[in-house]
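Subject: Structure for you to look at

Hello,

Here is the structure I said I would pass on. Please open it next to this email and follow along.

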Amino acid sequence: MSNPASATTAKPSSSVKLVLLGEAAVGKSSLVLRFVNNDFQENKEPTIGAAFLTQKIQLSNRVIKFEIWDTAGQERFASLAPMYYRNAQAALVVYDLTKPTSLTKAKHWVAELQRQASPGIVIALVGNKLDLCAEVSNSDANTPAPSEADSEAVETEEAEATEGGDARKVPTREAKAYAEEESLLFFETSAKAGTNVSDVFRAIANAIPEKELKPGKGTGAGRGTDSAISNAAGSAGQATVNLTDRAKQQKDNCAC
Amino acid sequence: MSQHGDQVEHEVQDVSSDPHRPPLPPRPSTLSFFQDGSKPNTSSRPPTRAGLVSRATTALSVADANAFSSGSVRNLRSVSSQNISSPSRSKSASRTASETADDSSIRSLELSSEHAQEQDSIFGEAFHNKRSDDFGLDSGFLSTNEAREETELVPQVDFDQEFADVPDEHDDDELAHNLWKAKKKHFLILSAAGKPIYTRHGSDAIISSYVGIIQTIISAYTSWDNQLRSFLADDTKFVILSQTNLFLVAISTLPESEVQLRAQLDALYMQILSTLTLPTLSHIFSVRPSTDLRRPLQGTEVLLSALADSFTRGSPSTLLTSLESLRMRKAHRKIINDTMVKARVDDLLYGLIVAGGRLVSVIRPKKHSLHPGDLQLIFNMLFEAEGIKAGGGESFLPICLPGFNNRGYLYMYVSFLDVASEAVRELDIDEKIAKEDAVAIILLSANKESFEDLQSMKSYLIHELRKNGSMKVIHRAVQNGRPLPTDIVPGTALRHFLYKSKGNVQFFMPSFEAQFSDSQSRRQLFSIYGLLHASVHAKFATVKVQHMVNTTCSALAWVTPMFELYCIASAGTPRNALAQNANKVVQYIQREEERIFLIGGATF
Ligand SMILES: Nc1nc2c(ncn2[C@@H]2O[C@H](COP(=O)(O)OP(=O)(O)O)[C@@H](O)[C@H]2O)c(=O)[nH]1
Ligand SMILES: [Mg+2]
């Protein structure tokens, strides 16, 4: 089995299956695009069904290969969600900082994950479109808004900007309190400006204990011919991560 | 298209005579290629090459052409001539023609254009009359009186303007409405209760008054127990498709027939059905007739718009309701088919390989056929819209294939590869590659848990296709592109043609290169194809060969039980030269049939 990553790096490599959930148009695909390609598109085509992508990140002591399910937020795909999160070790539940209903939807997803997903799943709550929000005056939010939270960006959005080009509708304090209550990682991001995006994935990677990681192509959902020939069958159900001290982990890794 | 052409349509159809409309638009019957076994019927391909030749004549002569019509031989040489003064009247005109001359199988149509700039903008003069002396055919063949009349034949379309956004009403009321009205083509979808569901152009505010008017007109007819199917207002054609509590409306000033616009509306409806399934669609409205369908359809708008725009540009596959295959050697295709069968996993229902928007290979279980309409739906989703391709390397989505089962979903795994280079690599997220360079591996299953199996099948398949050289074959076939008309018939005066094999439900065409590479001239080309197609598919049409002349081109439509051929040559090309060339095209395609078309797929 020639895994190019393990051939070039001495570090052990492991796969983490991650699913993105959240209302349509909050920026899930944009976060993935930023993470995978360091790119952003103003008029992103809506996702249809779900897209599967992979991306590696280097930690100090290992390489993590994320196998990412970017789901469509549309209602009619909701019934398919379980197959995407069932074996996931991590979930990114995304809402739009300028749209309060999207946080409500995010809370529903969190509840569903806690009920139905693997017990040890690492969940990150992510408020996106931080670039549309004014510079934080709020002392308990230490995720800085990018300096160019410019009016131009605001115009292109449906969200009406309030005074000073601030379209924020969900206070940091509110979402953060909820995240702490539910033991979630919490971030405010901008896929557009790139703020905090890789940090989310890094924090998730770190929140998954080393001993729980399967070496190599763990979940069988690899892309290369290698993984093709190694049978995908029998890979299901092995990705159970028991993360009892998730709250503690969260304190160590959360950027808030 | 034949399914429409064959049925007699009335502008206003009596609803009471058809109380239970079928849930699906009519589609070509499932033919031998898609079916188990090949039971030849009248419209399907005969089992042997010899049979083919003996049935579809390779010599276009008066007698042969007539052999396909039920008309008498008596009037063979008295060919009626028809002048059409305006495309909007073409339907009634052609009906008159077929009624007055229904025992003549050959009709000639005289068309001209008042747009001087079009004369040289579409068709070069390189082959103008060049070979006319080479043909010693009887001048009585297809003779007609050539009278020219000023007509607005093929309107220009400014695509930048056509596809530009209409600003919101509150910015400038009048400007917005004028821009809206300036569009050559509109597609609107509304609920039976009159709620707007989709519009290609303009916001809700702009369209609301129009939607109101349309709904009033439609329901007036409904209350008289009639169903309004189409109407004309000046040069604007309105066509309405009523399906499952929906009204789909096409409004076009382009020269398109009702049949053609209806096929486009059918394709939009199929897209909606594939998103929601029929029971869901019916249920939504039975529970609450005033439901806003936009929410359940969220995300489908982009697919509808991509489709709508492909119709506005001119879509051969929708005009001919058939697909195009990637030309390759029969032996090469067999290797690819066999490789796919070998790679298949238990949950697989259908497997497809599509390259450059053209079919390479199809595999299916023996007991399930694959409907051409379903295939077309998949093609539309994958190649007319960016959404799935832009998602990254791989996608997995529920899709209802109405021809297979309109009541439930299948699960479709799609992986895009780039064949622009010999290496054939998988796509990066959001990588934009041309339709021509994309290869899609499409695997369908009835099991929604099948992603990992289908994914491993894909990986194995690619591995094997690389190993046995098939990837190179596909790469080369895509890079070679379509042949030029002169590659097919050396020295031909033909600029372009469309050939539909009815039995295979597939079409073949040469490259658009040089003459039709820009969208403007391609639109004009398809407008002429549209006119030709309409003339041989008009109600009561008995005409099997249609010749059309205008100041920009000389064109021919030829319909037999086996095929439809539409060809276009530069202006002034004599009819007999056109006929000779048409013959040669048909000969070429019959010779190359097993390379050009995917015949018989593979089963497991
Ligand atoms: N201003 C701003 N816009 C964003 C951001 N992320 C996404 N968008 C825009 O929001 C829209 C929806 O994004 P998309 O990634 O498709 O959302 P998804 O449906 O959750 O995948 C697109 O027009 C994006 O350009 C962001 O961080 N800032
Ligand atoms: Mg998305």
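This is a predicted model: local features need pLDDT of at least 70, side-chain atom pairs count only at pLDDT 80 or more; totals for chains, interfaces and linings use all residues.

Residues are numbered from 1 along each chain as its sequence is written, chains are lettered from A and ligands numbered from 1 in the order in which they are written, and side-chain values use heavy atoms, with hydrogens and water left out.

Chain B has 21 helices and 22 strands (DSSP runs numbered from the N terminus: helices are H or I with at least four residues, strands are E with at least two). Of its 604 residues, 60% are buried (under 20% relative accessible area; exposed is over 50%, partly exposed in between, with a 1.4 Å probe and protein chains only).

Helix H7 of chain B, residues 173-182, has Ala176(B), His177(B) and Trp180(B) buried. They sit on the same side of H7(B) because they cover an arc of only 95° around the axis (taken from the directions from the helix axis to the C-beta atoms). In general, an α-helix has 3.6 residues a turn, so residues three or four places apart point the same way. The buried residues of H7(B) pack against strand E4 (185-191), strand E5 (196-199) and helix H8 (204-223) of chain B.

In chain A, Leu21(A) belongs to strand E1, residues 13-21. Leu21(A) is buried, at a relative accessible area of 1%. Setting aside residues up to four places away in sequence, the residues that Leu21(A) touches include Lys28(A), Tyr85(A) and Trp109(A) (contact means heavy atoms within 4.5 Å). Leu21(A) and Tyr85(A) are 64 residues apart in sequence, yet their C-alpha atoms are 9.0 Å apart in space.

The magnesium ion (ligand 2) is coordinated at 2.1 Å by Ser29(A) through OG and Thr47(A) through OG1 (donors are N, O and S atoms within 2.8 Å of the metal, or 3.2 Å for Na, K and Ca; water is not among the atoms, so sites may look incomplete). Ser29(A) is in helix H2 (residues 28-37) of chain A and Thr47(A) in the loop between H2 and strand E2 (50-58) of chain A, so the pair ties together parts 18 residues apart in sequence. Both Ser29(A) and Thr47(A) are buried.

Regards
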